[in-house]
Amino acid sequence: TMLVKLGRIKEAVTFGVKEFELAGDALDLAKVLQEYEHHDQALIIGEAGLQFRRENREDYHRTVVPLGRWLRDYAGGLGKGDLALKAAKVTFMESLTLEDYKSARNSAGDDWDQVRPELLDKLAAVEHAVDRTEIYLFENMVDKAVQSIGDKDYYSRDHTLLKVAQVAVASHPDWVIGNV
């Protein structure tokens, strides 16, 4: 940050790329570069930060998600669609939220048909994803939505169960009767 304030932008970027290890550190520097209107350098640091270690997943602010969201929106706003999509994909792969899934879809634009299977494969492969069922419903993948609930008791009073039941009543009537 001090290097940026002193106008030593190249040194700040070089230091950040070589020395930073956490995505949160990259985000902090990228925002300072953005504030001082060094847009290309902010994008360089942001993109580099997508590769940094993701230590301490319990501390949300130290994961890549905040950096990825910032970079996705910032790069997209600057017309850097490829970088925005890269950041959107990394962000979704880490967060697995419906919000980030929709953002990846928006960032992908015409390339959505190529990006979508990769994101859905990741979603299916992980043990826990809070918005898994919501994403399947968003994609009108009723079978997958029903399977994602299975016979888990914690859905018994959840609005998600009711949403799945409303959509699945025609195709899975026995499941709906047994679960609602």
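Helix α10 (residues 142-149) has Val-142, Ala-145, Val-146, Ser-148 and Ile-149 buried, where buried means under 20% relative accessible area, exposed over 50% and partly exposed in between (1.4 Å probe, protein chains only). Looking down the axis of α10, these buried residues fall within an arc of 160°, so they line one face of the helix; the arc is that of the directions from the helix axis to the C-beta atoms. An α-helix has 3.6 residues a turn, so residues three or four places apart point the same way.

This is a predicted model, so local features need pLDDT of at least 70 and side-chain atom pairs count only at pLDDT 80 or more, while totals for chains, interfaces and linings use all residues. Residues are numbered from 1 along each chain as its sequence is written, and side-chain values use heavy atoms, with hydrogens and water left out.

**The chain overall**

- The chain comes to 12 helices and zero strands; helices (H or I, at least four residues) and strands (E, at least two) are DSSP runs, numbered from the N terminus.
- Buried residues make up 45% of the 180 residues in the chain.
- Take the contacts between residues at least 6 apart in sequence: 56% of them join residues at least 24 apart, with contact meaning heavy atoms within 4.5 Å.

- Val-164 lies in helix α11 (residues 159-168) and counts as buried at 1% relative accessibility.
- Val-164 sits 22 residues from Val-142 in sequence, and the two are 7.5 Å apart in space, C-alpha to C-alpha.
- Leaving aside neighbours within four places in sequence, Val-164 is in contact with Thr-133, Leu-137, Ala-145, Val-146, Ile-149 and Trp-175.
- Tyr-136 has its place in helix α9 and is buried too, at 4% relative accessibility.
- With neighbours within four places in sequence set aside, Tyr-136 is in contact with Leu-120, Leu-123, Ala-124, Met-141, Lys-144, Ala-145 and Ser-148.
- One of those partners, Leu-120, is 16 residues from Tyr-136 in sequence and 8.8 Å away in space, C-alpha to C-alpha.

**Aromatic pairs**

- There are five aromatic pairs in the structure; rings of Phe, Tyr and Trp (its six-membered ring) pair if their centres lie within 6.5 Å, and planes under 30 degrees apart count as stacked, over 60 as edge-to-face and the rest as tilted.
- Among them is the edge-to-face pair of Tyr-101 and Trp-112, at 5.3 Å centre to centre with 80° between the planes.
- Tyr-101 lies in helix α7 (residues 98-108) and Trp-112 in helix α8 (residues 112-125), so this pair ties together parts 11 residues apart in sequence.
- Phe-138 counts as partly exposed, at 32% relative accessibility.
- Put together, Phe-92, Tyr-101, Trp-112 and Phe-138 form one aromatic cluster.

**Helix packing**

- α7 and α8 pack at an angle of about 155°, with their axes 9 Å apart; axes are lines fitted to C-alpha atoms, for helices over the stretch in contact, and angles run from 0 to 180 degrees between N-to-C directions.
- α7 and α8 are therefore roughly antiparallel to each other (angles under 35 degrees count as roughly parallel, over 145 as roughly antiparallel, 65 to 115 as roughly perpendicular and the rest as oblique).
- α7 passes α8 in a right-handed crossing; a crossing is left-handed if the near helix is turned anticlockwise from the far one by less than a right angle, and right-handed if clockwise.
- On the α7 side, Tyr-101, Ala-104, Arg-105 and Ala-108 meet Trp-112, Val-115, Arg-116, Leu-119 and Leu-120 in α8.
- Helix α2 (residues 9-19) and helix α4 (residues 39-49) have axes that come within 10 Å and cross at roughly 5°, making α2 roughly parallel to α4.
- Here Ile-9, Val-13, Gly-16 and Val-17 in α2 meet Gln-41, Ile-44, Ile-45 and Ala-48 in α4.

**Ser-103**

- Ser-103 is found in helix α7 and counts as buried at 16% relative accessibility.
- Not counting residues up to four places away in sequence, Ser-103 touches Arg-72 and Ala-88.
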